[in-house]
Amino acid sequence: MFEEVSQGLVYETLRTYNRVPFAAYKHYNRLMRSVSFFDIPFSMTFEEFVDILKKGTRQIDRESRIKVLLSVKTAELFFVFSPLNISSVEEGVNVKISKIRRIPDLSTPPSLKITGRTDILLARREIGECYDVILTGVNGQVCEGSFSNVFLVKEGRLITPSIESGILDGITRENVIKLANRLEIPLEERFVWVWELFEADEMFLTHTSAGIVPVRRLNDHLFFEEEPGPITSTLMENFEPFVLNLEEN
Ligand code: PLP
């Protein structure tokens with residue numbers, strides 16, 4: 001597969017809940033968006049896509065993580081199935097601001113989920129003992145983690161960088177926004193400045209494998225000692241039952 005990797009891959013990471021592939025349609029759509037962006041001669045129906053996901057996850061006797069990789073050059077699609085291993089994140093994780101700035105790259109906008117993004121590769125090298133690192137944009141706005149989206153809470157309001165900040169429109173991010181609306185938590189999607197993170201009451205990350213990940217420490221700033229703040233905790237408690245009842249899954 002070296003040839004395909006060196007030429008670039010469009011990819012998706014999915015997981016199962018109760019052994020059923022979760023949000024398959026959204027992942028399929030995001031994949032197909034990249035397919036049309038690169039004009040890749042690839043067509044697979046959603047039914048075929050789900051069929052492969054179901055067959056693969058049946059081979060694993062617990063929750064699975066699925067990587068779907070599509071070669072930009074050869075249009076070959078690979079599925080990699082593995083057991084889902086999530087380290088315990090409920091007690092909070094440490095993150096830091098990356099030194100890497102997201103450079104606006106018109107040839108491959110951040111809304112495309114592709115391997116080999118230089119900013120992400122460089123930022124990931126800084127992770128070390130941290131869970132993830134946060135990339136900022138050239139204007140100093142918060143963008144996203146190297147594999148996650150960012151949320152903060154200030155005075156009861158939930159705030160997250162808007163799509164225009166230069167981010168991937170994460171599927172977990174979208175579900176958290178829907179959940180916040182359902183719970184009537186006021187929400188702002190806008191440019192967020194780095195200093196706002198340090199002045200926030202709560203902060204968390206979102207990504208498919210782990211859902212909502214409370215941030216305990218950002219650089220040297222401690223958000224909580226024992227338990228995540230009230231809004232993060234409420235969203236965490238409600239997340240799984242909420243998303244499993246969403247009609248589109
Ligand atoms: N941002 C980036 C750069 C990512 O790579 C990912 C996921 O891998 C996310 C955000 C979170 O997206 P999702 O919630 O769809 O997993």
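Visitor: Leaving aside its neighbours within four places in sequence, which residues is Ser162 in contact with?

Guide: In this predicted model, Ser162 is in contact with Glu189, Arg190 and Phe191, once the neighbours within four places in sequence are set aside. Take Phe191 as the case to read: Ser162 and Phe191 are 29 residues apart in sequence, while their C-alpha atoms are 6.0 Å apart in space. Ser162 itself belongs to the loop between β9 and α5.

Visitor: What does the count give for Ala23?

Guide: Ala23 has 22 C-beta neighbours inside 10 Å, so it counts as buried. Its place is the loop between β2 and α2. Ala23 can also be read by separation: Leu244 is 221 residues away in sequence, yet the two C-alpha atoms are 9.2 Å apart.

Visitor: Turning to helices, how does the span of α3 agree with what its residues should give?

Guide: The check is 1.5 Å times one less than the number of residues. Helix α3 covers residues 46–58, 13 residues in total, and should span 18 Å; its end C-alpha atoms are 18 Å apart, which agrees.

Visitor: Which residues of α3 are buried?

Guide: Phe49, Leu53 and Thr57 are buried in α3. They cover an arc of only 55° around the axis, so they are on the same side of α3. On the other side, Glu47, Glu48, Asp51, Lys55 and Arg58 are exposed.

Visitor: What do the buried residues of α3 pack against?

Guide: Their partners are β1, β2 (20–21), α2, β3 (64–71) and β4 (77–83).

Visitor: How does α5 compare with its expected span?

Guide: α5 has 12 residues and reaches 17 Å from first C-alpha to last, close to the expected 16 Å. The buried residues of α5 are Ile171, Thr172, Arg173, Asn175, Val176, Leu179 and Ala180.

Visitor: Which residues come nearest to the ligand?

Guide: The shell around the ligand has 13 residues, of which Leu168, Gly170, Ile171, Thr172 and Thr208 come nearest. The elements that give two or more residues to this shell are α5 (171–182) and β11 (202–207). The largest share, 3 residues, comes from α5. By class, the shell has 3 nonpolar, 8 polar and 2 charged residues. Ile171 and Thr172, listed among the nearest, are also among the buried residues of α5.

Visitor: Into which domains is the protein divided?

Guide: Domain 1 takes residues 2–83 and domain 2 takes residues 93–244. Their C-alpha centres lie 24 Å apart. For the interface, contacts are counted from each side: 17 residues of domain 1 are in contact with 10 residues of domain 2.

Visitor: Which elements give two or more residues to the side of domain 1 that touches domain 2?

Guide: These are β1 (9–17) and α2 (24–38). The largest share of that side, 8 residues, comes from β1. The residues of that side divide into 8 nonpolar, 4 polar and 5 charged.

Conventions. Residues numbered from 1 in each chain as written. Predicted model: local features only at pLDDT ≥ 70, side-chain atom pairs only at ≥ 80, totals over all residues. Domains from an automatic or database assignment. Contact = placed C-beta atoms within 7 Å. Helix = DSSP H or I, 4+ residues; strand = E, 2+ residues; numbered from the N terminus. Nonpolar A, V, L, I, M, F, W, Y, C, P; charged D, E, K, R; others polar. Near = placed C-beta within 6 Å. Buried ≥ 20, exposed ≤ 12 C-beta atoms within 10 Å, placed from the backbone. Arc of directions from axis to C-beta.
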